Amino acid sequence: MRTAALAVAAVMAAVTACSGGTGAGTRAGPPTLRPAVQPGELVVDGRSRTYRVYEPTTLERGSPVPLVLVLGGVGNDSEGMVNATQFDREAAVGNFVVAYPEGVDLTWNAGFCCAGGQTSGVDDVAFLSRLIDELLADYDVDPGRVFVTGISAGAMMAYRFACEQPDRIAGVGSVAGSMILERCQPDQGVPAIEIHGTQDPLVPFLGGAVRPEDVADLPAPSAQAVAERWAALNQCPTGPDSQAQGPVTTLRWSACPGGAVELVVVEGGGHTWFAPGFGPANGAVDATKVLWKFFEQSGRKG
């Protein structure tokens, strides 16, 4: 997981109603705005599930905006992901709502992974689907621009959700993740992006056993194989274009009926949420900005 985090302050804003007029009566002021940061809780299959939402106070009311779900790896709670990814800051700039759901015991049932998640019987697909419904009801979110991303086990869970509920999201993103699933055969395409370091010691770039050994029951496919799988699912007509900048090489499959696919290869990168200031390799790319740019370009579903 990310070994350092940039400091971030939770943005809180509230506008209280005011009264006006003299003698003849009062006039209601602006409506009270809820704080930008809101904790949330859902009961799914008898379990209490928690999440955190950030809604920029600058959003224009009445104009539905995108929603991004950010899933942590094993042991990552929502506040840790806020600090590690800086997605709140990106949401304020990009004008979207971001939510950070938490897994039961801070892990996910992502298929043959992760750290007990696969044997817990927890239906995380149902949780994320219910969470999207809740956020669509509570916030001015565009149902055609919902995206899900994560790191490590959270990335694996994002892929599982894309495989099983492709109609709910307009794109999926993974940082240091893989697909550890018995099958992935969505009935429609999903734009997909994988960001992965070649020296990842936990989810190997070239595929193989996920470490520690008790985290996953089966070996993970390589990052290239995952990208190629999505390219096939999205019916991409040709191989990828390649663009290199320093230690970062981006492979992009375009003109795909099901949506574009990208593989961002970070030479020498480890198991981290890539961000500036993390050294020559891990700091060579800003994963949050790359993900949002990809999601923004993916457009609206439906």
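How many disulfides does the count come to in this predicted model? The count comes to two disulfides, with sulfur atoms within 2.5 Å taken as the criterion.

The link of Cys-163 and Cys-184 is left-handed, with -95 degrees about the S-S bond. Distant parts of the chain are linked by this pair: Cys-163 belongs to helix 4 (residues 153-164), whereas Cys-184 lies in the loop between strand 8 (171-175) and strand 9 (192-197), 21 residues apart. Cys-163 is buried, at a relative accessible area of 7%, and Cys-184 is buried as well, at 6%.

A disulfide also joins Cys-236 to Cys-256, with an S to S distance of 2.1 Å. This link is right-handed, with 105 degrees about the S-S bond. Cys-236 is located in the loop between helix 5 (223-233) and strand 10 (241-245), and Cys-256 in the loop between strand 11 (248-253) and strand 12 (261-266), so the pair ties together parts that are 20 residues apart in sequence. Cys-236 has a relative accessible area of 16% and is buried; Cys-256, at 11%, also counts as buried.

Helix 6 (residues 287-298) comprises twelve residues and reaches 16 Å from its first C-alpha to its last, close to the expected 16 Å. The buried residues of helix 6 are Ala-287, Thr-288, Leu-291, Trp-292, Phe-294 and Phe-295. Because these residues cover an arc of only 160 degrees around the axis, they fall on the same side of helix 6. On the other side, Lys-293 and Glu-296 are exposed. The N-terminal end of helix 6 is capped by Asp-286, a side-chain oxygen of which lies 3.2 Å from the backbone nitrogen of Thr-288. Just after helix 6, Gly-299 adopts a positive phi of about 75 degrees.

Conventions: Residues are numbered from 1 along each chain as its sequence is written. This is a predicted model: local features need pLDDT of at least 70, side-chain atom pairs count only at pLDDT 80 or more; totals for chains, interfaces and linings use all residues. Side-chain values use heavy atoms; hydrogens and water are left out. Helices (H or I, at least four residues) and strands (E, at least two) are DSSP runs, numbered from the N terminus. The expected span of a helix is 1.5 Å times one less than its number of residues. Buried means under 20% relative accessible area, exposed over 50%, partly exposed in between (1.4 Å probe, protein chains only). The arc is that of the directions from the helix axis to the C-beta atoms. A polar contact is a pair of N or O atoms within 3.5 Å; within protein, one must be able to donate a hydrogen and the other to accept it, and residues adjacent in sequence count only if both atoms are side-chain atoms.
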